[in-house]
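Try each task before you read its solution.

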Amino acid sequence: MPWCPVCKNEYREGIKFCAECQVELVERLEEESGREDEAEREAEARLRAMLAAGAEEDGKEAGEEKPAAYQTYRDSAMQAEDNRSSAYTLFLAGILGFVLDILVFTNVIPVFHNADTTRYFVCGVMGALFVLFLVFGIVSMRNARILLVQARSEDTLLSELEKWCRENLSAEQIDGGLALEDMAEEQKYFRRADRMKEIINNKFLNLDQGLLEHFVDGYYQELFENQ
């Protein structure tokens, strides 16, 4: 009966290769003990071949043109407005809650009867919570002010980018050398957008790439989609 020299499984007559190890079966294990290393090397070679085939397939997929990762842009003015709204909400909740807590603590609102310890504990915890609301409101208001300054800076930069592109960047210049014939519109967009970002990055150093993505999206429509 044939045996597998690697896993030592026995097979019926007529079978030539091990179903698990994919190596050639031997008639007697004791006579073929000297070939175990060769069989193991053969199995290892098959495994390497399979891995190489998988890597080649991955390389083909990686070689296909894919759009660059899109960096999300968050408008600083909108973030400032969100922070300001949050600050007002936190201030209102903190002030009203703190006033209510004082009224309960002084027994103006009789919630607790003959339970001074419980009243002290609950009012103390709630008071600390409402103070935190006020602190978070102050932090949100400060962030809103910082974001407003940043929004004004971004507006100035976007205006400067638009002015420079109107004077120096045309659709013909972007399409030059890109070989866009027979391409789908989506592929054309990614090719053109990458070219626009490359040109602008060479002119304006250290640009926030999310802001640049935002600008290119809008300016692309003006150059190509409104033609």
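**Exercise 1.** At roughly what angle do the axes of helix α5 and helix α6 cross?

*Solution.* This is a predicted model, where local features need pLDDT of at least 70, side-chain atom pairs count only at pLDDT 80 or more, and totals for chains, interfaces and linings use all residues. Residues are numbered from 1 along each chain as its sequence is written, and side-chain values use heavy atoms, leaving out hydrogens and water.

Step 1. Find α5 at residues 185-203 and α6 at residues 209-225. Helices are DSSP runs (H or I, at least four residues), numbered from the N terminus.

Step 2. Read the angle. The axes cross at roughly 120° and come within 10 Å. Axes are lines fitted to C-alpha atoms, for helices over the stretch in contact, and angles run from 0 to 180 degrees between N-to-C directions.

Step 3. Classify. α5 and α6 are therefore oblique to each other (under 35 degrees is roughly parallel, over 145 roughly antiparallel, 65 to 115 roughly perpendicular, the rest oblique).

**Exercise 2.** Which residues of α6 are buried?

*Solution.* Step 1. Apply the cut-off: buried means under 20% relative accessible area, with a 1.4 Å probe and protein chains only.

Step 1. List them. Among them are Gly210, Leu211, Glu213, Phe215 and Tyr219.

Step 2. Look for the cover. It includes α3 (116-168), α4 (171-175) and α5.

**Exercise 3.** Is Glu154 buried or exposed?

*Solution.* Step 1. Locate Glu154 in helix α3.

Step 1. Glu154 counts as buried because its relative accessibility is 12%.

Step 2. Leaving aside neighbours within four places in sequence, Glu154 is in contact (heavy atoms within 4.5 Å) with Tyr73 and Ser76.

Methods
Helices (H or I, at least four residues) and strands (E, at least two) are DSSP runs, numbered from the N terminus. Buried means under 20% relative accessible area, exposed over 50%, partly exposed in between (1.4 Å probe, protein chains only).
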